[in-house]
Amino acid sequence: LEVQCDVVDSEINHILPAFSVMRQECSLQREPLLFSCAGHSPKYRRLCPCRDFLRGQVALCRDCL
């Protein structure tokens, strides 16, 4: 992803995983069930892995289909 992280932390937040360009900080999602690519924040660049999608569902892995 060509992202240089000066700081890496984890927390429970629907915006994560994400990268703060202003602070060069990477934030990881601590709660795997909260993962969603639907959230948006002007302070963060989202780091979302490729996911398969079915209408009505937020994110599914390929093996889940």
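Author: A polar atom of the Gln29 side chain lies 2.5 Å from the backbone oxygen of Asn13. The model is predicted, so local features need pLDDT of at least 70 and side-chain atom pairs pLDDT 80 or more, while totals for chains, interfaces and linings use all residues. Residues are numbered from 1 along each chain as its sequence is written, and side-chain values use heavy atoms, without hydrogens and water.

Reader: What makes the approach of the Gln29 side chain to Glu31 a polar contact?

Author: The side chain of Gln29 reaches the backbone nitrogen of Glu31 at 3.1 Å. A polar contact is a pair of N or O atoms within 3.5 Å, one able to donate a hydrogen and the other to accept it; residues adjacent in sequence count only if both atoms are side-chain atoms. The 3.1 Å falls within that limit.

Reader: Why is Gln29 called buried?

Author: Its relative accessible area is 16%, and buried means under 20% (exposed is over 50%, partly exposed in between; 1.4 Å probe, protein chains only). Leaving aside neighbours within four places in sequence, its contacts (heavy atoms within 4.5 Å) include Ile12, Leu16, Pro17 and Leu34.

Reader: Which strand holds Gln29?

Author: Gln29 belongs to β3, residues 25–29. Strands are DSSP runs of E, at least two residues, numbered from the N terminus. The open, mixed sheet has the order β1-β3-β2-β4.

Reader: What makes β1 and β4 edge strands?

Author: Each has a single partner strand, so one side of each is left without a neighbour in the sheet.

Reader: How do you know that β2 and β4 pair?

Author: 2 bridges join these antiparallel strands, and pairing requires at least two DSSP bridges. Phe19 stands opposite Arg45 in β4.

Notes
Helices (H or I, at least four residues) and strands (E, at least two) are DSSP runs, numbered from the N terminus.
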